[in-house]
Amino acid sequence: MAKSITQEFVKGLWEEIPPFRLVLGLCPTLAVTKTIQDGIGMGVATTFVLVCSNVLVSAMRNIIPSKVRIAAFIIIIATFVTVVELLMQAFTYPLFLSLGIFIPLIVVNCIVLGRAEAFASKNAVMHSLADGMGIGTGFTLALAALGAVREVFGSGTFWGTPVFGPSFHPFSFMIQAPGAFVCLGLMLCIMNLVGKK
Amino acid sequence: MRELIKMVVVLTVLSAFSGGLLASLRNGTKDKIEYQQLKFVKGPAILDIFKGATNNPLVDRFKLKDGNVERSFFVGKLNGKTDTVAFESYGKGFGGDIGLMVGVNLDTNKIIGVGVTTLSETPGVGSRAKTDPGFVAQFKGHPLEETFKVKADGGQVDALSGATVTSRGVAAGLTDAGLIYKRLKPELEKKLKNFSTKAVKTKKGEKNG
């Protein structure tokens, strides 16, 4: 526990920002970033699950026998994912419709289980909370950035409002799956270039 | 042995706690979710059928038992009369069930409008059943008790070109809607009478208040 709580939070924003540095959780990263709204919605949902499961795993880290720890983590994570799913259906139904299957799939998101196993099960509650919030915020920012780029070029809109004139032809390649890979690759490249200096 | 017991206890307690939490949350959000689904999935079709209604058909709804299934009915107040209901029926399409919202006038037994709620047909071919308003508009004014068939099968329905299976599914769904309607008409009339008196009562209440 050499790092302070603030450091644990900040590392998720750049040093260990999930899709770019850890290169984890790529499935939702590629699939739901057609628009910036979807990206942020997915990021917030994942952050909620991440924070809650990190806190609970950390609080129970001395009770859970190590042989069944993965099973216990999955129960905890799956519970919070279902909570998110129900809340989204009740309050933000259009978002729920556009994210679809990717909400229940947060259960198998590597980031969530990865943080539970690699961090929360070995660290104190407050540090785990900070770690969850940091990684979650980083994930949300990454999805928002990717979503913004894809939405602006792919549909010619930003947050639903058109940004180019009527003569703009949407570059529809960007909102399809190959566009997601290319876009993510370019962003990784930029991140690495900037990080080297 | 002690470790084994501990494992079992921890996992059992954890699962039980999780199950309890989810069950109570589900109960708490059930009504809200049902309303959201109504509003975003069936809502557009219902509101389209009851264009110009003076009430909110999504709120004025009731359920009736039809054999073992429970069906939802939406009441529309058109031209000052509460004599129209809409309900959902299903027909087998090319890629799965096609959900139809059928609006009918109880006095004349005629269809006042049909809307497609859910479908999984081929995009651009069968999906036109939902996106092409001309297709469902042809049913308006037909008596609901008819048996609907596409023209190729000797019926009266103009099929979507290239999407005969979808068109047949819609026709079958409508025929099914007619059967449901025939079965439940007496109960529907009773319920609607209640609705019109209830509407009058609330109006009086508003004036007094």
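Trainee: Among contacts in chain A between residues at least 6 apart in sequence, what share joins residues at least 24 apart?

Mentor: Two residues are in contact if their C-beta atoms, placed from the backbone, lie within 7 Å. In chain A, 76% of the contacts between residues at least 6 apart join residues at least 24 apart. This is a predicted model, where local features need pLDDT of at least 70 and side-chain atom pairs count only at pLDDT 80 or more, while totals for chains, interfaces and linings use all residues. Residues are numbered from 1 along each chain as its sequence is written, and chains are lettered from A and ligands numbered from 1 in the order in which they are written.

Trainee: Which elements does chain A have, and in what order do they run?

Mentor: Helices (H or I, at least four residues) and strands (E, at least two) are DSSP runs, numbered from the N terminus. Chain A has two strands and nine helices; from the N terminus the order is α-α-α-α-α-α-α-α-β-β-α.

Trainee: How many residues does the largest nonpolar core have?

Mentor: In soluble globular proteins, nonpolar side chains tend to be buried together. A residue is buried if 20 or more other C-beta atoms lie within 10 Å of its own, exposed if 12 or fewer, and partly exposed in between, with C-beta atoms placed from the backbone. A nonpolar core is a set of buried Ala, Val, Leu, Ile, Met, Phe, Trp, Tyr and Cys residues joined through C-beta atoms within 7 Å. Here the largest has 41 residues, and A:Val49 and A:Ile77 have the most contacts inside it. At least two of its residues come from each of α4 (36-59), α5 (69-91), α6 (93-99), α7 (110-120), α8 (125-154) and α9 (177-196) of chain A. A second, separate core has 38 residues, including B:Val75 and B:Ile180.

Trainee: Beyond four places in sequence, which residues is A:Val49 in contact with?

Mentor: The partners of A:Val49 are A:Ile77, A:Phe80, A:Val81, A:Val84, A:Ile106 and A:Val112.

Trainee: Which residues of α7(A) are buried?

Mentor: They are A:Ile111, A:Val112, A:Arg115, A:Ala116 and A:Ala120. Because they cover an arc of only 135° around the axis, they lie on the same side of α7(A); the arc is that of the directions from the helix axis to the C-beta atoms. The buried residues of α7(A) pack against α2 (18-22), α4, α5 and α8 of chain A.

Trainee: How many residues of chain A are in contact with chain B?

Mentor: 17 residues of chain A are in contact with 17 residues of chain B. On the chain A side, α5(A) gives the largest share, nine residues.
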